[in-house]
Amino acid sequence: MESQLPAEFIVNVDHEKCRKCKRCVINCSFSAIEFKDKVTPNNRQCVACHRCATFCPENAITITKNQLDYKDGYNWTPEIRKNILKQAESGGIILTAMGNPKPYPIYWDHMLIDACQVTNPSIDPLREPMELRTYLGAKPDCLEFDSDVSLKTELAPQVKIDIPVVFAAMSYGAISLNAHKALAMAATRMGTLMNTGEGGLHEDIAQYSDRIIVQVASGRFGVTSKYLNSSALVEIKIGQGAKPGIGGHLPGEKVGEDISKTRMIPVGTDALSPAPHHDIYSIEDLSQLIYAIKEATDYKKPISVKIAAVHNVAAIASGIVRAGADIVMIDGFRGGTGAAPMIIRDHVGIPIELALAAVDERLRQEGIRNRASILVGGSIRQSADVVKAIALGADACVIGTASLIAMGCRVCQKCYTGNCAWGIATQKPELVRRLNPEVGADRLCNLLTAWGHEIQEVLGSLGINAIESLRGSRERLRGVGLNQETLDILGIKHAGIGQ
Amino acid sequence: MKCDGIPSGCAISGLMSEEGRRIDGSVIIRSIANMHDRSNGLGGGFAAYGIYPKRQHQYAFHMMFDNIEAKETTEEFFKDVFNVDKDEPIPTHRENGIKNPPILWRYFLEVPENKLEFLTERDYTMKIVMQINSEIEGAFVASSGKNMGAFKGVGYPEDIGKFYKLEEYSAYIWTSHGRFPTNTPGWWGGAHPFTLLDWSVVHNGEISSYGINKRYLEMFGYKLELRTDTEVIAYLFDLLVRRHKLPMDLAVKALASPFWKDIDRMEPGQKKIATAIRQVYGSTLMNGPFSIILGHNRGMIGLNDRIKLRPMTAARKDDMLYMASEEAAIREIAPDLDTIWSPKAGTAVIGTLNAEVE
């Protein structure tokens, strides 16, 4: 069927500047630029990934929105009309990628942080120690000592992170091996963690295993005893913020030799992650899996359980802690994905700010907050979001999209096509090659270093010098423009109210 | 009956005789009066240990009532939960300009045996204290320990001391406080010391980690009704030392923990303990500027925040241990000292009564 869909973007080439070097043609992985005597855009294919514009030596390329006006309609937006056209042409579910772009409220942007004035001095992070070190894992209610003051209590395994930001689960398959290498190297250098996602652990990054979270998801790809033990901690993935209740599907054409080995499936077969784990139909089944993995790792690794933020997330998280998890990872509805049905990504789940506040409060009410660390992700965009999340009660934050952007991603949302021009969300060797793992790692380290300094600045202005004095300290946050019910859920006061 | 003030500035002073010699209250009054300019007349108070030797096995409740109804309600309540052995007005001297005191009354109480089936005596009494403060309008427990008492109110500390006739009491530990709040609640209960059972805290500073300290304590059943950070300190000591049974020197490592850079350099045994304390008790870390003197039945502890943002001087003379915001406040009452020093940031000065002292 001939498509009636208009182009989304227009590629403008300044032919006076263009030297016809064809670098743009070579760089465009979406076939949006051809060479017919001169550089000739094929606008319909353009996804605004900026690869051509970035690499044009003459700065001759700009990309603009196709300003094709539609008859006004508040209800029938151009996007909705275009989606209907797409489905009328294809009869399929609309596939998309990355995080929910819809204008739902962003609660981070309605919270403000306190600072010291007069009665308590702020602290200069350049002159005084400013501690960000965090330990992930279950903590006992209290410590016991023998009469000779030696420690009697045996602590559950703890994983040290030097900055309370870890890289999110993104599988080898969804992203390239070079991206994985960059994440693993950066995590090691910065004393934090990367997460294999559900795609197994490639032998090239096994050397970084004590800084790697290995995931056990419903497809159980690449899960062996060696895999579980080559890790800092093990994460059971129940759900993902971008697609709660939905499985995954890595198409067979992406399953080449290397992915086949890593995932332990035949070359060219689709890698299907079922929606549920077929051995987990209730909380007691989850507990069995948690303890099966604890047995397999000799109780030396904390076990994390990752869930999507859904309506009843507080009760679910409480169940997970009681089932024996050492860490609960909550992924908000704005979390990213390599591929998801648009209807799920844009309409299912709840914001991470509210989910986090509800979970932390619930675990405290039940007196079990110390029994698990809380990790949160689902659109942590900047260090300010990290500070606010920790003040609401998180132990650390998880960043996916932000780490991809640091490596070059332009958030064009075409990960599922496998054509990523930046060598990140692709398995095509000629594209993967574009991402130099060393350079990627440098950029990731720079990002975390910058965020670390920014978090230290905020701690100093708050007059505290250890991250644990911020954790759960909602007294240091105030809401702006939030209604009372939202404030109550977040457990914060409105700006203008003092102590 | 709420206090929204943040204590700031402030003067503190404390003294103890390790041999348990009893010293009359005029000494501590002179010490705290020396730091008059560190207070602004909006709060002063004292804690004294060893003042009721004849009733040392009974809980001495020092009560503040806004009105007679609150007193009657509380007394009805006491009849249900305690055996009241004696009650009497707290003696005061009314001629020195202290304005509008509440009704000040003290009760000597015993816990009936049949109440202790599921709780220890101290947990039971703590619950009662929390209940009075949160549920009986107009009633406030100024102190609730055995053989000790808190004497506090709105005014300069030296005036409060004279008001309560402290020269008539003898104690082996005295602590005191002069307050400089940044706003003006003018509420008697809001003055220092803050107490719970036999813990008392006088505090100069502000706990910037108040929010998480409070939420952590709430997990263990503490009700923080006063919304002041000093209350948090008393409860943290109660939780760590009394309920979790941490030795005092380890408890202060949780409350003003060493930096990671120092922990990493400790020898393995020490490092393991210090690491575990920070991992498990991170939410109890008191962050922000403070110097405090904690009193309890067996001793007195001085503690500074981990970068010493508030002053504290300590000194010894024979069996006497002194601590104060300023050296002058110690020299005023003990000009001739054996040693005098500025305790390091985050390092506690722990004074303990000799074991034979009753």
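Me: Is Ser209(A) buried, exposed or partly exposed, and how many C-beta neighbours does Ser209(A) have inside 10 Å?

Reply: Bear in mind that this is a predicted model. A residue counts as buried if 20 or more other C-beta atoms lie within 10 Å of its own, and as exposed if 12 or fewer do. Ser209(A) has 18 such neighbours inside 10 Å, so it counts as partly exposed.

Me: Where in chain A does Ser209(A) lie, and which residues is it in contact with?

Reply: Ser209(A) sits in the loop between strand E10 (194-195) and strand E11 (212-216) of chain A. Leaving aside neighbours within four places in sequence, its contacts are Ser230(A) and Ser231(A). As for Ala7(A), 202 residues separate it from Ser209(A) in sequence, and 45 Å separate them in space, C-alpha to C-alpha.

Me: Which domains does the assignment give for chain A?

Reply: The domain assignment gives domain 1 (9-92) and domain 2 (134-494). Taken over C-alpha atoms, the centres of domain 1 and domain 2 of chain A are 34 Å apart. Contact between them involves 9 residues of domain 1 of chain A and 7 residues of domain 2 of chain A. On the domain 1 side, the residues divide into 5 nonpolar, 3 polar and 1 charged.

Me: How many residues does the largest nonpolar core have, and which have the most contacts inside it?

Reply: The largest nonpolar core has 262 residues, and those with the most contacts inside it are Val313(A), Val328(A), Ile330(A) and Leu356(A). Helix H4 (residues 177-190) of chain A gives the most to this core, namely 9 residues. Domain 1 (9-92) and domain 2 (134-494) of chain A both contribute residues, so the core lies between them. Take Val313(A) as a case: apart from neighbours within four places in sequence, it is in contact with Ile307(A), Ile330(A), Ile350(A), Ala355(A), Ala358(A) and Val359(A).

Me: How many residues of chain B are in contact with chain A, and which elements of chain B give two or more residues to that side?

Reply: The size of an interface is often given as the accessible area lost when the parts come together. Here residues in contact are counted instead: 35 residues of chain B are in contact with 35 residues of chain A. On the chain B side, the elements giving two or more residues are helix H5 (210-219), helix H8 (260-263) and helix H9 (268-281). By class, that side has 17 nonpolar, 11 polar and 7 charged residues.

Me: What is the strand order in the open sheet of 7 strands in chain B, and which strands stand at the edges?

Reply: Strands of a sheet pair through backbone hydrogen bonds, either parallel or antiparallel. In this sheet of chain B the order is E8-E3-E10-E1-E16-E15-E17, with antiparallel pairing. Strand E8 (148-153) and strand E17 (339-341) of chain B are at the edges, each with a single partner strand, so one side of each has no neighbour in the sheet. On average, neighbouring strands of this sheet are turned by 10 degrees against each other, direction ignored. For one pair, strand E3 (residues 44-49) and strand E10 (residues 173-178) of chain B are antiparallel over 6 bridges. Within it, Ala47(B) has Thr175(B) in E10(B) as its bridge partner.

Me: Which helix packs on this sheet, and which of the residues of H1(B) are buried?

Reply: Helix H1 (residues 26-33) of chain B packs on the sheet, touching strand E1 (11-17), E3, E10 and strand E16 (320-324) of chain B, and its direction makes about 150 degrees with that of E1(B). An α-helix has 3.6 residues a turn, so residues three or four places apart point the same way. The buried residues of H1(B) are Ile28(B), Ile29(B), Ser31(B), Ile32(B) and Ala33(B). They pack against E1, E3, helix H4 (157-163), E10, E16 and helix H10 (327-331) of chain B.

Me: In what order do the 5 strands of the other open sheet of chain B come?

Reply: Their order is E11-E12-E13-E14-E18 (chain B), and the pairing is antiparallel. Strand E11 (194-196) and strand E18 (349-352) of chain B are the edge strands, each pairing on one side only. The twist from one strand to the next averages 15 degrees. Strand E14 (residues 299-304) of chain B is joined to E18(B) by 4 bridges and runs antiparallel to it.

Me: Why does strand E5 of chain B lie largely in the open?

Reply: The number of buried residues among the 7 of strand E5 (residues 83-89) of chain B is 0, so the strand lies largely in the open. E5(B) pairs with strand E6 (residues 103-110) of chain B in the antiparallel sense over 6 bridges. There, Asn83(B) stands opposite Glu110(B) in E6(B).

Notes:
Residues are numbered from 1 along each chain as its sequence is written. Chains are lettered from A and ligands numbered from 1 in the order in which they are written. This is a predicted model: local features need pLDDT of at least 70, side-chain atom pairs count only at pLDDT 80 or more; totals for chains, interfaces and linings use all residues. Two strands pair if DSSP finds at least two bridges between them. A nonpolar core is a set of buried Ala, Val, Leu, Ile, Met, Phe, Trp, Tyr and Cys residues joined through C-beta atoms within 7 Å. Domain bounds come from an automatic or database domain assignment. Ala, Val, Leu, Ile, Met, Phe, Trp, Tyr, Cys and Pro count as nonpolar, Asp, Glu, Lys and Arg as charged, and the others, Gly among them, as polar. Axes are lines fitted to C-alpha atoms, for helices over the stretch in contact, and angles run from 0 to 180 degrees between N-to-C directions.
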